[in-house]
Amino acid sequence: MAEIPFTLSVPDTELELLRTKLELTQLPDELEDAKWDYGVPLGDTRRLLARWKDGFDWRAAEAKINAIPQFTRDIEVDGFGTLNIHYIHQKSQVKNAIPLFFSHGWPGHFMEVSKLLPLLTAESADHPSFHVVAFSLPGYGFSEAPKKRGFGLRQYAEVGHKLMVALGYDEYIAQGGDWGFGIVRTMASLYGERHVKAWHTNFPFMYKPSLSAHPLIWLRDLVTPYTAEERQHSERAAWFVKKSYGYWAEHATMPQTVGYSLADSPVGLLAWIYEKLVIWSDDYPWTDDEVLTWISIYWFSRAGPAASLRIYYEFGTEEGQADWAKLKSPTIPFGLSYFAKELPFVRLFWTRVLGNLVFQSTHDSGGHFVAHEKPELLVGDIRKMFGSGGPAFGVIPGRDGYAGK
Amino acid sequence: MAEKPFTLAVPDADLEFLHKKLEFTRLPDELDDAKWDYGVPLDDINRLVAKWKDGFDWRASEAAINVIPQFTRDIEVDGHGTLNIHYVHQKSKLENAIPLLFVHGWPGHFMEVAKLLPLLTVVAPDQPSFHVVALSFPGFGFSEAPKKKGFAMTQYAEVGHKLMLALGYKEYVTQGGDWGHVVTKTIVQTYGGKHAKAWHSNCVNNTGPPSLKSTPWLYLKYLVTPFSEDDRKGFERSAWFQMKGTGYFQEQSTYPQTLGYSLADSPVGLLAWIYEKLVTWTDNYPWTDDEVLTWISLYWFSRPGPAASVRIYYEVVAASDFTRPQWISVPIGFSYFPKELMIAPKLWGRALGNVVFESDHKSGGHFAAHEKPRELAKDLRKMFGIGGPAFGVVSGKSGYTVA
């Protein structure tokens, strides 16, 4: 079960195949004045395609990625055999830094943690330091994909947990957004108290508390008028359900069908993901190279882009849904950072339903990819939650994140 | 506005380009034992791509398509300028055959009418004959696509209607399934009585049970009529479709352009996207590989490209144009096939209007004209033939030799 250092090195043949396919790209037309209403505008796609063909330097992007310490190791998953898992592992100089497990989602990837790394691992008397582990979900980035059906949140959680333990972090905290929320909440529930000591999310995915399950919250919801921010945020969530749900419906029912397109068409994959990068973030000023690096990670991923969609299918099955519904609410300290343009809508007094809420903060900016968009804000919250005086300070005995006195 | 004969002749360069792209196809993996649960199985795709690369003869398919009389003509559409429309027009030898407009849907195309043509245009003493017109929707097949936003049901209906008038058919009957159902329904709602004299559909996708407000007598009947075994099976099929089969609809009606990049750029992506429907929407229809590849190629080589074809979902949903709750008074006929996608009790269909003909079938699915042409033709003959409930709806064109 040794840790093997990982260097990303996409074979030349893959680069050539991509180049050939880009040269053979056939684009559709577009309606007059379509703007973003019908999907990614043709102007954006043309520009990105031109850059991808000529100007975008994958080897330079690859070198930057390789500046971050990455590894692979085999993890045994009950019922699924051994999966070779790719992950980032950046240690702090502070010996008793807090081990933090970070989980990305879709269409995210392991590099979403990269801007957080220098901030989280920094040593200071004023804030705690962390050792950071960020895996590529099985089926994403450079992790192997499961071969069998039924690999759900429970299994992703198992991989994340076993990875931390294998790295010598018997006790740790967990942070995640998008599917990362589902994964870390599952970890907090299954391995909480004994191993996971606290968890944090920026993606509060929940339904309005029901009368039968949470009568007091339900009543409060009924009698408390919405604030302007809440109204705005709830409109965004309604927009998501009405307008931005198509990808989910397809992923959850026919991931293989759409997978053929994403595996075969670079521009198809580009559009499918770029659409989310733009409409889900808070006016983040993506550069073309930033976008192309992001898409290329999917294009060159070990399992191919089609594998990344299956998590939606498995979550949507009867078993997947039942598993999520009956997951015991984690008892360990829970923190939430709620950013203005994140997709799910919650009212701040609902969120204690998700877990043992000890920390909550809101921000008037930031969207779905907040670790990438607003790393300082996210790290600021994590430091507040775990720092001296914070509600989760010292959750891990002997690892409070500060250099020893 | 002149009618021009149309011969399909895909340029050699386009064929070569397709082959080049096929050669560089990159396929995903597949989970063990995925079967059809996750989408189109990899085995099917492997086999079809291999055939498409080597073995499938497009020129032979093209020649078979060109046997059918096709034309193009310009049609003016209010607010959208002139669109050049491609259509099949097969006349019966009988002068006073019944003019029938056949409208396909998605992922269908004009060739869905092909098997019906000989059956409907034949002249025989004991059944009515038809002149058949089958258009390619704007944005499909070899019709031009709209350039502006907002081309919805009103516009599609306008094109179909104006085409019939341009061909000299002041009065005509309509037949449609899938989007064709909605378009032909809109045609009879808009031009019914004066021009569109009757409506037949094989795909009855209602909004729901009769309502007290619109059809009180049917509503009362609905309250007291228990669901039959067939009704129950229909609900199961509808439930399957709603739960498992509408991913494409959600994407196409919200972000057709995003999806369109994949469909325009990836032959295997387009193949999978459409083939999934050809299999899951039909009733065990024995597709041959060449049949499938011809079908997909019609989308790949279509005049505006495959991305244009999915915009209809966006436009019609945006215009909330699915159902106009307007009672239809011209004669209506519905043919019910068990593997259609949304199947409601017949009582609900009668809430749409003057239903004079209903038929049940033991087999057949969504692509009825292609799967069950004989049965569909028989239904049309029953509906419009002597003694049928819509006999003689078109003045002077009963479909029979005048004695």
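Start with the lining of the largest pocket in this predicted model: by class it has 25 nonpolar, 10 polar and 3 charged residues (Ala, Val, Leu, Ile, Met, Phe, Trp, Tyr, Cys and Pro count as nonpolar, Asp, Glu, Lys and Arg as charged, the others, Gly among them, as polar). A pocket is an open set of points on a 1 Å grid over the protein atoms alone, where a 1.4 Å probe fits, with protein on both sides within 12 Å along at least five of seven lines; lining residues have an atom within 4 Å of a point.

Select Phe205(A), Tyr207(A), Tyr245(A), Trp248(A) and Phe315(A), which of the 38 lining residues lie nearest the pocket's centre. Next, colour H9(A), the source of the largest share of the lining, 5 residues. Helices are DSSP runs of H or I, at least four residues, and strands runs of E, at least two, numbered from the N terminus. From chain B, helix H8 (229-244) and helix H9 (247-252) each supply at least two lining residues.

Move to strand E7 (residues 196-201) of chain B. Show strand E6 (residues 172-176) of chain B, which runs parallel to E7(B) and is joined to it by 5 bridges; Val173(B) has Ala198(B) as its bridge partner. On the E8(B) side, select Ser201(B), which stands opposite Phe334(B).

Residues are numbered from 1 along each chain as its sequence is written, and chains are lettered from A, ligands numbered from 1, in the order in which they are written. Local features need pLDDT of at least 70, side-chain atom pairs count only at pLDDT 80 or more, and totals for chains, interfaces and linings use all residues, while side-chain values use heavy atoms, with hydrogens and water left out.

Notes. Two strands pair if DSSP finds at least two bridges between them.
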